[in-house]
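Look first at the model itself.

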Amino acid sequence: MQRIFSGIQPSGVPQLGNYLGALRNWVALQADNECIYCVVDLHAITVWQEPAQLANQTRELAASLIACGIDPKRHILFHQSAVPAHARLAWIFNCVARLGWLNRMTQFKDKAGKDRENVSAGLYVYPNLMAADIHAYHATHVPVGDDQKQHLELANDIAQKFNHDYGVEFFPRIEPLILGVATRVMSLRDGTKKMSKSDPSEQSRINLTDDADTIAQKIRRAKTDPEPLPSEVAGLEGRPEARNLVGIYAALADTDLDGALREHGGKGFGAFKEVLSELLVAKLAPIASETRRLLADPGSVDAVLRDGAARAAAIADPIVAEAERLVGFLKA
Ligand code: AMP
Ligand code: TRP
């Protein structure tokens, strides 16, 4: 049995990339692991969040996760701000990680863009908090989309330096679990940009709350090229939009790119998009309606999170207290 930890930000409605790159795997891993899943609201405020919306978004995301199949009774589902151990360990890691390491983070460069002087200090140290999330539980396996791989390498560097500096073998190595055919789902408007819940264009993504008509309309308008689908994977070379749609299809149909092209190679995009939206609706519509059902009783979702936070704290508090002792903090 392995201890799994993963997190997702309540910075908007979860989208198809979250589902295929992460959430679907989170659900599957529950079968034979101990899983701890966290709605990371501390991470979310590294960029501006409307205070009136953040709490709702946290609750709505928790409801979506339960609707996807996360089982909060057998595993743990909670929100990060409810367990202070994350912030305590993150501070220690801020003092372990080196500026040079953080300067290499491509997600920071992407998010900060040209406005580097004006982004929050939190956005810069974000990967240290992410490392603390995982190491506060001595988790060893972390299911994420491909975009998070570099952050997990940093989490290993931090653990190794902590262990070395304090002369201990305290934090274990962690393994990224980057699973499935669609580990990086791209924007429907631009096949070179990743699909994201914070993209200003609604047309760029499928939300887990979209109804059937909205899904069909977004897929119909998705950018493509004029050629029909190739019959082999090599024919997707240089066609990022085609590759993305075929990848989404393959992931949802539980096949691979070869399998999808054996089935649909030679079709024009008009016909392929119809098959794709039917499949998307079949897989996502039940999640949207279950999310709505759960949110009809917001108090019950909050109760799930409260219970999860108490169980999470029971694991993290002693581990973080020990890290503080190793650092030399007075435990009077
Ligand atoms: P975030 O929405 O940034 O909190 O990400 C939550 C999880 O979803 C992380 O494991 C990400 O790697 C994954 N994820 C987010 N966007 C995508 C995408 N476009 N394709 C694949 N995985 C993604
Ligand atoms: N940084 C991750 C993302 O944006 C979310 C996250 C925060 C996370 N803490 C984590 C993922 C710990 C895995 C483990 O996608």
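Predicted model: local features only at pLDDT ≥ 70, side-chain atom pairs only at ≥ 80, totals over all residues.

Side-chain values use heavy atoms, with hydrogens and water left out.

**Ligand 2: shell**
- The shell holds 13 residues, and Gln9, Tyr126, Met130, Asp133 and Gln148 come nearest (near: a heavy atom within 4 Å).
- Seven shell residues are nonpolar, five polar and one charged (Tyr, Cys and Pro are among the nonpolar, and Gly is among the polar).
- α7 (121–135) and β1 (3–8) each supply at least two shell residues (DSSP runs: helices H or I, at least four residues; strands E, at least two).
- α7 gives the largest share, four residues.

- Asp133 places a side-chain N or O atom 2.6 Å from a ligand 2 nitrogen (polar contact: N or O atoms within 3.5 Å).
- A polar side-chain atom of Gln148 lies 3.1 Å from a nitrogen of ligand 2.
- The side chain of Gln9 has an N or O atom 3.1 Å from a ligand 2 oxygen.
- Alone, ligand 2 exposes 370 Å², and the protein buries 91% of that (Shrake-Rupley method, 1.4 Å probe).

**Largest cavity**
- The whole structure has one cavity of 30 Å³ or more (1 Å grid over the protein atoms alone; a 1.4 Å probe fits but cannot get out; lining residues have an atom within 4 Å of a point).
- The largest cavity contains about 60 Å³ of space.
- α6 (106–112) and α7 each give two or more lining residues.
- α7 contributes the largest share of the lining, four residues.
- Tyr126 is among the lining residues.

How values were computed:
Residues numbered from 1 in each chain as written. Chains lettered and ligands numbered in written order. Polar contact = N/O pair within 3.5 Å; in protein donor to acceptor, adjacent residues only side chain to side chain. 1 Å grid on protein atoms, 1.4 Å probe; cavity = no way out; pocket = protein on both sides within 12 Å on 5 of 7 lines; lining within 4 Å. Points joined across faces, edges and corners; volume = space filled by probe spheres on them.
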